Amino acid sequence: MNDLTMNAVEATEVIEKDVVIVGAGPVGLFAVFELGLLDIGAALIDILDKPGGQCAELYPEKPIYDIPGYPVVTGDGLVEKLLEQIKPFNPTFHLSRMVETLVRQPDGRFKLTTDAGDTFIAKVVVIAAGGGSFQPKRPPVPGIEAYEGTSVRYAVRRMEDFRDHDILIVGGGDSALDWTLNLQPLAKSLTLVHRREEFRAAPDSVNKMRALLDGGKIDFQIGQVSGLSGNDGQLTAATVKAKDGSQSDIACTRMLPFFGLTMKLGPVAEWGLNLEENLIPVDTEKFETSEPGIFAIGDINTYPGKLKLILCGFHEAALMSQAAARIVDPDKRIVFQYTTSSSSLQKKLGVI
Ligand code: FAD
């Protein structure tokens, strides 16, 4: 994952690419490979902070038995192999950001913008958005909406936004513990709230958190956040209700609730594409949508006989790439070649 971090583009900038792929699930990842064989470079954007889509987020340790050539592979194992396979094509990863808008430019190319403020310009867009974007679950705290985006955040986009704040982190999973450890050094104060003594997070993170607690560097309370106080979207305190019903106030100016993720179609519905029951209809020759130059592959698309299987998404990626190549460079002749016998493809893959 370190190589990937090096590849990740963090700055807010305009990024021009032949192809932008919305969604870095298994199908978006394999599309990089098929496009790369045709000399087409791609950027991948995903709201998750890691590639792999459902495989990485919903079932990283579960075995998959129907990937051709792998009698058994875990969700994480498949993602790891896909990342290894696409490495020669050097895709750029733009993680922890949601594609919000997609519009055609006067020059025929597409402009995409994300909630992190960056802009992408592409000749072709591939929507590999699966069941939609993973979005954080809102905890059941009355009035929390008034503080969202200001004091209440569901992700850490910039650690500096948390410097010298009284931070309250709520949850017991990996995200809650990881951010407790990472934000503690720059926080004015940090309190972790979880509804029980046991944590789901990695034991190593839990041990490190307990060491901070023993050293008096953080506070920990068992209970649930039941109310928030503040003015104009600026939080001043959270009320925590303990198991015995007693309540106490914790001073805080930033709150990070980590209650897991849910899948929502999200902005894809706003891009002016034909939709059928929240899926994007495509043809089965090119997997193109109702908008020429915008393709949809993987779980997000629908056509007669569609199966929501990873192997179907891989096939769709291969055919989509042939059609995308004709848009990216209409004058280039596409020659069908096997990776086994084509020295030109093997050079692209870096194996000769
Ligand atoms: P996804 O994996 O859903 O990835 C889409 C990505 O797009 C997500 O990461 C999402 O955050 C991102 N995204 C969406 N919208 C936006 C946006 N606007 N901006 C930024 N990012 C966005 N399939 C099999 O073939 N075999 C199996 O054994 C199998 N087992 C499964 C077990 C479980 C428990 C589950 C839940 C699924 C299983 N599947 C299995 C189905 C398989 O995981 C899906 O078919 C596959 O993940 C689809 O891949 P995808 O790349 O199309 O979409």
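**Ligand shell, cysteines and domains in a predicted model**

Author: Thr239 is buried, at a relative accessible area of 16%; buried means under 20%, exposed over 50% and partly exposed in between, with a 1.4 Å probe and protein chains only. This is a predicted model, in which local features need pLDDT of at least 70 and side-chain atom pairs count only at pLDDT 80 or more, while totals for chains, interfaces and linings use all residues. Residues are numbered from 1 along each chain as its sequence is written, and side-chain values use heavy atoms, with hydrogens and water left out.

Reader: Which strand holds Thr239?

Author: Thr239 belongs to strand 14, residues 234-241; strands are DSSP runs of E with at least two residues, helices are runs of H or I with at least four, and both are numbered from the N terminus.

Reader: And what does its side chain contact?

Author: The side chain of Thr239 makes a polar contact of 2.8 Å with that of Asp249. Such a contact is a pair of N or O atoms within 3.5 Å; within protein, one must be able to donate a hydrogen and the other to accept it, and residues adjacent in sequence count only if both atoms are side-chain atoms.

Reader: Turning to the ligand, which residues come nearest?

Author: Asp46, Gln54, Tyr59, Val99 and Asp299 do, of the 32 residues around the ligand, where near means having a heavy atom within 4 Å.

Reader: Which helix gives the largest share of the shell?

Author: Helix 2 does, with three residues. Helix 2 (26-37), helix 3 (53-57) and strand 9 (133-136) each supply at least two.

Reader: A change of topic: how many disulfides are there?

Author: The search of the whole structure finds zero, a disulfide being a pair of cysteine sulfur atoms within 2.5 Å.

Reader: Finally, how is the protein divided?

Author: Domain 1 spans 3-134 + 262-348 and domain 2 spans 138-259, with bounds from an automatic or database domain assignment. Their centres, taken over C-alpha atoms, are 35 Å apart.
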